[in-house]
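Let's take a friendly walk through a complex. Keep the picture open while you read.

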Amino acid sequence: MNVLTVTDARKKFGSVVALDGASFELRQGELLALLGPNGAGKTTLIRAIAGRVRLDGGEIRIFDRIADGRRTPPELGIVPQEIALYPLLTARENLEVFGKLHGLSGTALTKQVDWALEQTGLADRAREPVRQFSGGMRRRLNIACGVLHRPRIVLLDEPTVGVDPQSRDRIYDVLAELAASGVSLLLTTHHLEEAEARCSRTVIIDHGRVIAGGTLAELVDRTVGRFRLVTLRLDAPLAAEAIVDVAAAAPDISADATDARVVRARMRDVALELPPLLERIRRAGRSVDDVEVRGPSLQAVFIHLTGRELRE
Amino acid sequence: MGTLLRIGWLNLRRDRVALALVFALPILFFSIFATVFGGQGDTATTRIRVAVVDEDRSELSARLADGLRKETGLRVRTTADAAGAGPALDRAAGERLVRNGDVPVAVVIPKGMGEAFAKQGLMGSSGPAILLLSDVSDPVAPQMVLGLLQKVTMTAAPDMMVRGGIRQFEQYAGAMTPGQKAAVDKWLPQLKAQSETGSGGSGAPQAGGMGVGVEVVDVMRTDNRRGSLVSFYAAGIGVMFLLFSSVAGAGSALLDEVESGTLERLLSTNIGMTGLLTGKWLLLALIGCAQLTVMFLWGRLAFGLPLFSHLPGFLVMTAATAAAAAALGLVLATLARTRAQLSGFSTILILTMSALGGSMFPRFLMSENMQNIGLLTFNAWALDGYLKVFWRQAAVWQLWPQVLVLGGLTVVFLGAARALARRWEAA
């Protein structure tokens, strides 16, 4: 079931086109990555869904209700890119403040604050001022403040920016638990690995437009196909007369533009196609120093779709 | 070193606001202060307002009133209406004008003055004295009016003085001869004519002993004059710093929230922009009340400021002033795009308003024009209210003009802040 549907979203800031007809949907209980380079329109899209940016055109539907773009729908929880916390307040005080502003009070508030502290692993630091927290802890608390009131949809803008790998894993564990409990999560990121490894689906946005969307397998099938990329490092470049013989075993083979000792080949079935290639290299009088086999990745998909690598 | 200078110069040149502050701000303040304080020597704009109450209705009293009216340093008022209409002032009305701060001095020419003068002439010490109803805390006006009054008695009625003198002379030395009488009768009209045309009467006031008796009466009846003066400075400085702290508080309340992203988060909750601004305003107003209260309490402890005897008026003025200052702070914070802009613009505005509005120099000592211009500032209304409470012993209900203006400003400022804050709502 779709809990959020964005259709043909358009927004201009002056002469800058931020959204140019973006469309996608978020399903119940999924963790959807909105992937794109800086300036692609991810944050504008998130803010439009949150009722903080009024669209010039298009429609945002939340649980079959059209969002008016004037205020944040009550079903949403927002986790902004900035660490939007009061540094002089303790973790608990921050949670209590935002919980109250979201309409929680009394025992419900206490219960939710305890739950959020537990979920984010901050229960033992609850009474410390936030300014003493590490970057990862602040990020987790930032998320906790956005999900405290148990929203059905959570929008997270770059929730793992500037945190170490350990904290990043912890954050994704929290998000996975929320998704498992039925919450639908939409997060923006420009980390391919995160989207690939931790999200159920990915929507790729570039120049304000959604250029592809689906699971990794779907995206791969639709773009680069199910090839493996085999990279071989030889002891010396192949002689010109040997290349024809080697190429007969692997039609897609090519030498690296900067290092002639490195050759790459695309293979549908590595077990079947790699041994004959290695045999021909040996016959050409070269030995193989290193072999790398890579499966189809989001990186390859992104390059295929946009013609460029995803910038940090 | 040259590189460092170049970096500094490029940064300054490209930050137009900073550049303007470096060069324009001192010029602006110099101009304001030169206008406020430099204009004091200009008699056309610094005439002292004086109420003249003529209880005597004699020729002498009329001549004295007329003489005072001719003085270029004074603006004389003899009627209930400032424009010259209405009934003539009586003593109570004159006193009321002084107590309300409408005029700094009222001159009362008591009944019997002319008669006593006619009998006793210059040595009129046993007759009724002219009363100078004044606020003696004002260091300038009563003294100036006293001096001018002595001058006027010598110059406005020289013929009457001589006649009184001759009468006294005859009393002790015997009657004049018919020839002497004829000569004096011929001379006196000339003397009178000279005084009326002003050709023979100019110059410095004569020695006080030779003039009429003058009694200075303090109508403010302040039990603690030093305390009143301290209350003026407590209010003046207090209001100026209240404005600074309100702007700084509003700046951190809003611009910090914008920068840290908490504003974005707050706006995604149930509170909304109107609720947010109301909450911020209430907090700033309460802090402002606390700030002024602490300031006046310190004034009470350290300088004997009569706080507890004026508590209701103080509370009313403090609440009204803090509410308006908080709202002004919010307007400035919503107007500014950056902290640098907020700091620069608010410094200009607050110091200008403080100079014109009397926080640095009492408004009643400024020229009339500057006093009127000062009414355009926030400080003037706040300080007028505090002066009414502590100096003029006004009842709480008499503060209504100040409370009304400050209340109105609060509403206008809050409305403006709400309109300006739209830019932080949905883009």
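The report below goes from the confidence of the model to its sheets, its helices and its interface.

What you see is a predicted model. For the complex, the predictor gives an ipTM of 0.76 and a pTM of 0.72. Chain B has a mean pLDDT of 80, with 87% of its residues at 70 or more.

One stretch of chain B calls for care: over residues 199–210, pLDDT stays under 50. In the model, this stretch has 16 contacts beyond four places in sequence.

## The four-stranded sheet of chain A

Start with an open sheet of four strands in chain A, ordered 2-1-4-5 and paired in the antiparallel sense. Its edge strands are strand 2 (16–27) and strand 5 (65–66) of chain A, each pairing on one side only. Nine bridges link strand 1 (residues 2–13) of chain A with strand 2 of chain A in antiparallel fashion. You can look up one such pair: A:F13 has A:V16, in strand 2 of chain A, as its bridge partner.

Helix 1 (residues 42–49) of chain A packs on this sheet, where it touches strand 1, strand 2 and strand 4 (57–62) of chain A. The direction of helix 1 makes about 120° with that of strand 1 of chain A.

## The six-stranded sheet of chain A

Chain A also has an open sheet of six strands, in the order 6-7-8-3-9-10, with mixed pairing. Strand 6 (76–79) and strand 10 (209–214) of chain A are at the edges with a single partner strand each, so one side of each has no neighbour in the sheet. From one strand to the next, the twist averages 15°.

Strand 6 of chain A runs parallel to strand 7 (residues 153–157) of chain A, and four bridges join them. Here A:G77 stands opposite A:V154 of strand 7. Helix 10 (residues 298–306) of chain A packs on the sheet, touching strand 9 (201–206) and strand 10 of chain A, and its direction makes about 30° with that of strand 9.

## A look at chain B

Chain B contains 16 helices and five strands. Of its 427 residues, 39% count as buried. Among its contacts between residues at least 6 apart in sequence, 78% join residues at least 24 apart.

Helix 12 (residues 311–335) of chain B has 25 residues and reaches 36 Å from first C-alpha to last, close to the 36 Å expected. This helix is mostly covered, with 19 of its 25 residues buried.

## Where the chains meet

How many residues of chain A are in contact with chain B? There are 19, and they meet 13 residues of chain B. The chain A side has 10 nonpolar, five polar and four charged residues.

Conventions. Residues are numbered from 1 along each chain as its sequence is written. Chains are lettered from A and ligands numbered from 1 in the order in which they are written. This is a predicted model: local features need pLDDT of at least 70, side-chain atom pairs count only at pLDDT 80 or more; totals for chains, interfaces and linings use all residues. Two residues are in contact if their C-beta atoms, placed from the backbone, lie within 7 Å. Ala, Val, Leu, Ile, Met, Phe, Trp, Tyr, Cys and Pro count as nonpolar, Asp, Glu, Lys and Arg as charged, and the others, Gly among them, as polar. pLDDT is the predictor's confidence in each residue, from 0 to 100. Helices (H or I, at least four residues) and strands (E, at least two) are DSSP runs, numbered from the N terminus. The expected span of a helix is 1.5 Å times one less than its number of residues. A residue is buried if 20 or more other C-beta atoms lie within 10 Å of its own, exposed if 12 or fewer, and partly exposed in between; C-beta atoms are placed from the backbone. Two strands pair if DSSP finds at least two bridges between them. Axes are lines fitted to C-alpha atoms, for helices over the stretch in contact, and angles run from 0 to 180 degrees between N-to-C directions.
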